[in-house]
Amino acid sequence: MDRRRFPTTGQLWLLRRVLFGAAVVLLVSVLVFAATQVLPGDPARAVLGHEATPDRVAALRAELGLNRPLVTQYLTWLGGILTGEPGHSLVTRESVGTLIGDRAVNSAVLVLVSAAIVVPLSVFVGAVAGRRRDRPFDRAVLVVTLGLTALPEFIIALLLVILLSTSVFPVLPGTVLIAPGQSPFGDPAQLVLPVAALVLGVLPYLARLVRGSVIDVYESEYVRTARLKGVPERVVLRRHVLPNALVPAIQGTALALAYLTGGVVVIEQVFNYPGLGSALVDAVNNRDFPVIQLICLVFAACYVAFNLLGDVLTVYVTPRLRTAGR
């Protein structure tokens, strides 16, 4: 019998993880839809203004389908998501997909640029600190990362603005002045402070994680054996320490990417960056339920996807786990 016709253990594991992730996103969709229903205020009243008559408000609610049962509204909205028709904004009447499309690209640029900087920087700083444990560099890293950990991300952002955009060192713009449809790379200087705020928010966690992993590996028996055999220190670091410290770093990177995705909400609001975060804040203020629901669902899907990617890469770089499914 040809075993290739049957899925391996690894393939079944991946299928279960994908199905579990889809179930989590579905559960989040229920929670998000329910949460928007308990927000104070009436969307129809928010659109028409406080001077609108009750008849006009009732007519608009009927037009928008807000007078239908909640279960019907949810199933209609979910069906639209699955078919690529997420509905229309209650405020602008524009398609939600079109409304947040450009902003999603801007947020993706902010997250990916920040990740491209913070991941290798954290691995480098953590590896060097772990290699030089209890030396001046390691102690400096611990002090700096501990201080940054104690600061909320919006405080970090405000400190960067005060330091680099005011009379102290007025070298960078403190507010992003690009439209949602414009490329963030049109004026790269406007990206510096938002990216720096996100990097400084994630760097302490990831660098300390890598440092701890490197220290644990250095204290393992196989590293001690390699040293007793006279293996050069740089070879020990390259062949034994870094590969074995990579697994926690991968998991930490997945969590860092998820954190960056959620962190854009605050950072974009501070710097007036035209991304999903600022669109979410505007939608909440305007009680624009379809926009709120889709943006929250996008954030949840990104979080699940990053964690799934971290699990898959962990299995790939761990021979014992990789060969278990064969």
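Me: Which helix gives the largest share of the lining of the largest pocket?

Reply: Good place to start! Keep in mind that this is a predicted model. Helix 4 gives the largest share of that lining, with four residues. Helix 1 (9-37), helix 3 (54-64), helix 4 (70-82) and helix 12 (289-317) each supply at least two lining residues.

Me: How many residues line the largest pocket, and which lie nearest its centre?

Reply: The lining has 21 residues, and Leu-64, Arg-68, His-88, Leu-90 and Pro-290 are the ones nearest the centre. By kind, the lining holds eight nonpolar, nine polar and four charged residues. The space inside the pocket is about 420 Å³.

Me: Now for helix pairs. At roughly what angle do helix 5 and helix 11 cross?

Reply: Angles from 65 to 115 degrees count as roughly perpendicular and those over 145 as roughly antiparallel. Here the axes of helix 5 (residues 96-131) and helix 11 (residues 276-286) cross at roughly 135 degrees and come within 8 Å. Helix 5 is therefore oblique to helix 11.

Me: Which residues meet there?

Reply: From helix 5 come Ile-100, Arg-103, Ala-104 and Ser-107, and they meet Leu-276, Gly-277, Ser-278 and Ala-279 of helix 11. The residues of this contact divide into four nonpolar, three polar and one charged.

Me: Last one: is Asp-138 buried or exposed?

Reply: A residue counts as buried when its relative accessible area is under 20%. Asp-138 has 0%, so Asp-138 is buried. You will find Asp-138 in helix 6 (residues 136-149). Leaving aside residues up to four places away in sequence, Asp-138 touches Ala-129, Arg-132, Arg-133 and Arg-211.

Methods. Residues numbered from 1 in each chain as written. Predicted model: local features only at pLDDT ≥ 70, side-chain atom pairs only at ≥ 80, totals over all residues. Heavy atoms only, no water. Axes fitted to C-alpha atoms, helices over the stretch in contact; angles between N-to-C directions. Parallel < 35°, antiparallel > 145°, perpendicular 65-115°, else oblique. Contact = heavy atoms within 4.5 Å. Nonpolar A, V, L, I, M, F, W, Y, C, P; charged D, E, K, R; others polar. 1 Å grid on protein atoms, 1.4 Å probe; cavity = no way out; pocket = protein on both sides within 12 Å on 5 of 7 lines; lining within 4 Å. Points joined across faces, edges and corners; volume = space filled by probe spheres on them. Buried < 20%, exposed > 50% of the residue type's maximum accessible area, 1.4 Å probe, protein only.
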